[in-house]
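Reader: I have a structure to look at, and I am new to this. Can you take me through its features step by step?

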Amino acid sequence: MKTYLREIFKSAQNKLEYLQVIELQLSKPQDDTHGDYASNIAMTLTKKLKRNPREIAQEIIDALEFDKTKISKVEIAGPGFINFFFTPNFVNQIVELINKEQDKFGLSKKFEGKTANVEFVSANPTGPLTVGHGRNAVIGDTVATLLEAVGYKVDREYYFNNAGRQMRVLGHSVAARYLEFLGEEKKFDEEFYQGEYIKDIAKIVYDKYDNKLKDKFDDEIFKLTAEEEIFNDIKKSLLKIGIEFESFFNENDLYTEGNIQNLIESFEEKGLTYKKEGAVWLKFSELGQEVDKVIVKSSGEPTYRLPDIAYHTTKFERNYDLIVDVFGSDHGATYPDVLAGLKALDYDTEKIKVIIYQFVTIMSKGKVVKMSTRKANYITLDELIDDVGKDVVRYFFIMRNSNSHMNFDLDVAKKQSDENPVFYLKYAHARIASILRTVEEEKLKASYDNLDLLDTPTEQKLVKQLHKYEEEVMLSAIHYEPHKLATYLENLAALFHKFYAECRILGSETKLAEARIALILAVKIVLKNGLKIFSLEAPEKM
RNA sequence: GCCCACGUAGCUCAGCAGGAUAGAGCAACAGUUUCCUAAACUGUAGGUCACAGGUUCGAAUCCUGUCGUGGGUACCA
């Protein structure tokens, strides 16, 4: 529809010169008595032409030449909108197209040949994934799928750090629990990880080594066993919600491969570093940041900024066209440093897109649950999945804008899981499947010969919603906003349920029934394709 | 103090690439099953789009300020 309008406006440019210089904006009016598409072009021209907008609108309409079998009506409304109404005959052609393309419908080749790296989760192996990581995981995975839907070849990447202070404390925590097994009361330090899983890991060490590590509190075994066990659990949890990574990137490799050292030298060569109080500072103030910051501590250890920058240089060296990072709002202040550092080294930071999502506030029994991995007062992602199911968890985390603070009432989620919107979507799909089973028994089949019979307001709304699918996928992908597609699918399901209530198939005249079957087949395909982007099941029965 | 995000119906949130009368779900109330799945549909009620200015033909949407909420502001990651 939109393409056709652009075409007829283009041909009219010869008649009206002012159409050549102005950009044509087409919008979908909220109220359908205002047509299928509206243009504000006459209003934007008022100033330039110093004429009444309605008058200009009339002049434009007179200059437009269009096919009467496609456009049924063009009218001027309100202050000077030009409203276009399409014929069912033209609009309904999409039904056949969708049925022809099946699961390819909605996919785009716009970014074919381009590669993207999406980094997400990236939790260090110090404990099980929590509900908080869940939002990160699902946003990252869904954005990756959306990018694939518009043509990108995507690598999902998990970045982790198995060195450093956090991990030392983890090792000590296990060692302390291990000593408890041996009956030795080593005081369990307050900074140790409190979770029960530490005891499980200590038990594994004990089973393997008995009491041989009794006097080796600092032995690497504790840390290594912990890392291995915890990572296994993390991968299991991820698999449980349908997420698999192409690669796990170990921060430690940046040290052993020399990336860190090379990076420091690069900064030095550019004259961007200086020493002060025994530490190495980077001149962030010359890179558009407020103050200079330490990149190597006086102890000789780099701060987190250095490996983060070095890590991103590897992404550039791996030649990705697009680099996406998914961070919680607690990292909001660190990524500008990374970008500034990369820019100083002449990397094209335009390729980097950072998605910052706001934290999920977990409510239980009317109270806010404060989460801390170390203190072990958290709800794990596994527990949540077991409680409400994978699909509800996934949908819950992408149905809202990443920028919005989200409240998650655990009690409500458990109690009302039946009323979750995800069931509404699935039910629409299952309902169609059910109709199709019945229709088959009645020996009725889909036909595209009389699609123009689908002309009631309800049917037209439903068909027009199908038209929007491709654009919604594209917009959700290029703006990294999965929730837009979720809103779209809910609207589609609502329109279908309304159609179901108003328009029967069995009992209708055969030609109409066949056209309606074609329509619901198309709706089913779009629902299924949309649900697939979210990695949700599209059930045939419920 | 400074930086980032948010503030829309009782609750959870869409709408924010400026457009016509601000939407959905839940909760409340009233209806709809001899008829393809009632996990559905229809209707009623519910709003100073935090507040105050500005930009313009037009602002929930863009800009400035104020208030409120969350996060950040380390030689922790």
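This is a predicted model: local features need pLDDT of at least 70, side-chain atom pairs count only at pLDDT 80 or more; totals for chains, interfaces and linings use all residues.

Reader: Which element gives the most?

Author: Helix α18 does, with 8 residues.

Reader: Now step back. How many helices and strands does chain A have?

Author: Chain A has 21 helices and 15 strands. Its C-alpha atoms fill a box of roughly 90 × 65 × 45 Å along the principal axes. Of its 542 residues, 35% are buried.

Reader: What share of the contacts in chain A joins residues 24 or more positions apart?

Author: Take the contacts with a separation of 6 or more. Residues 24 or more positions apart account for 74% of them.

Reader: Next, helix packing. At what angle do α12 and α13 pack?

Author: Helix α12 covers residues 259-269, and helix α13 covers residues 305-317. They pack at an angle of about 100°, and their axes are 9 Å apart. Angles of 65 to 115 degrees count as roughly perpendicular. So α12 and α13 are roughly perpendicular to each other.

Reader: Which residues make the contact?

Author: From α12 come Asn-259, Ile-260 and Leu-263. From α13 come Leu-306, Pro-307, Ile-309, Ala-310, Thr-313 and Thr-314. By class, that contact has 6 nonpolar and 3 polar residues, with no charged ones.

Reader: On to sheets. What holds strands together?

Author: Strands of a sheet pair through backbone hydrogen bonds, either parallel or antiparallel. Here is a case. In this model, 3 strands form an open sheet in the order β14-β13-β15, and the pairing is mixed.

Reader: Which are the edge strands?

Author: They are β14 (367-369) and β15, each of which pairs on one side only. From one strand to the next, the twist averages 40°.

Reader: How many bridges join β13 to β15?

Author: There are 4 bridges, and the two strands run parallel. Strand β13 spans residues 360-364. Met-363 stands opposite Asp-409 in β15.

Reader: What about β5: is it enclosed or open?

Author: Count its buried residues. Of the 5 residues in β5 (115-119), 4 are buried, so the strand is largely enclosed by the rest of the structure. Strand β5 is joined to strand β6 (residues 153-160) by 5 bridges, and the two run parallel. Thr-115 has Lys-153 of β6 as its bridge partner.

Reader: Where is Val-121 found?

Author: Val-121 is in the loop between β5 and α7 (131-149). Val-121 counts as buried because it has 24 C-beta neighbours inside 10 Å.

Reader: And where does Tyr-480 lie?

Author: Tyr-480 lies in the loop between α19 and α20. It has 19 C-beta neighbours inside 10 Å, so Tyr-480 counts as partly exposed. The cut-off for buried is 20 or more.

Reader: Let us finish with α19. Which residues is Glu-470 in contact with, leaving aside its neighbours within four places in sequence?

Author: Glu-470 is in contact with Gly-106 and Ser-108. Glu-470 lies in helix α19 (residues 457-478). With 17 C-beta neighbours inside 10 Å, Glu-470 counts as partly exposed.

Reader: How is Ile-478 placed: buried, exposed or partly exposed?

Author: Ile-478 is partly exposed, with 14 other C-beta atoms within 10 Å. Ile-478 is also in helix α19.

Reader: How do I compare distance along the chain with distance in space?

Author: Take two pairs. Ile-478 and Leu-147 are 331 residues apart along the chain, and their C-alpha atoms are separated by 7.6 Å. Glu-470 and Leu-129 are 341 residues apart in sequence and 34 Å apart in space, C-alpha to C-alpha.

Technical notes:
Residues are numbered from 1 along each chain as its sequence is written. Chains are lettered from A and ligands numbered from 1 in the order in which they are written. Axes are lines fitted to C-alpha atoms, for helices over the stretch in contact, and angles run from 0 to 180 degrees between N-to-C directions. Angles under 35 degrees count as roughly parallel, over 145 as roughly antiparallel, 65 to 115 as roughly perpendicular and the rest as oblique. Two residues are in contact if their C-beta atoms, placed from the backbone, lie within 7 Å. Ala, Val, Leu, Ile, Met, Phe, Trp, Tyr, Cys and Pro count as nonpolar, Asp, Glu, Lys and Arg as charged, and the others, Gly among them, as polar. Two strands pair if DSSP finds at least two bridges between them. A residue is buried if 20 or more other C-beta atoms lie within 10 Å of its own, exposed if 12 or fewer, and partly exposed in between; C-beta atoms are placed from the backbone.
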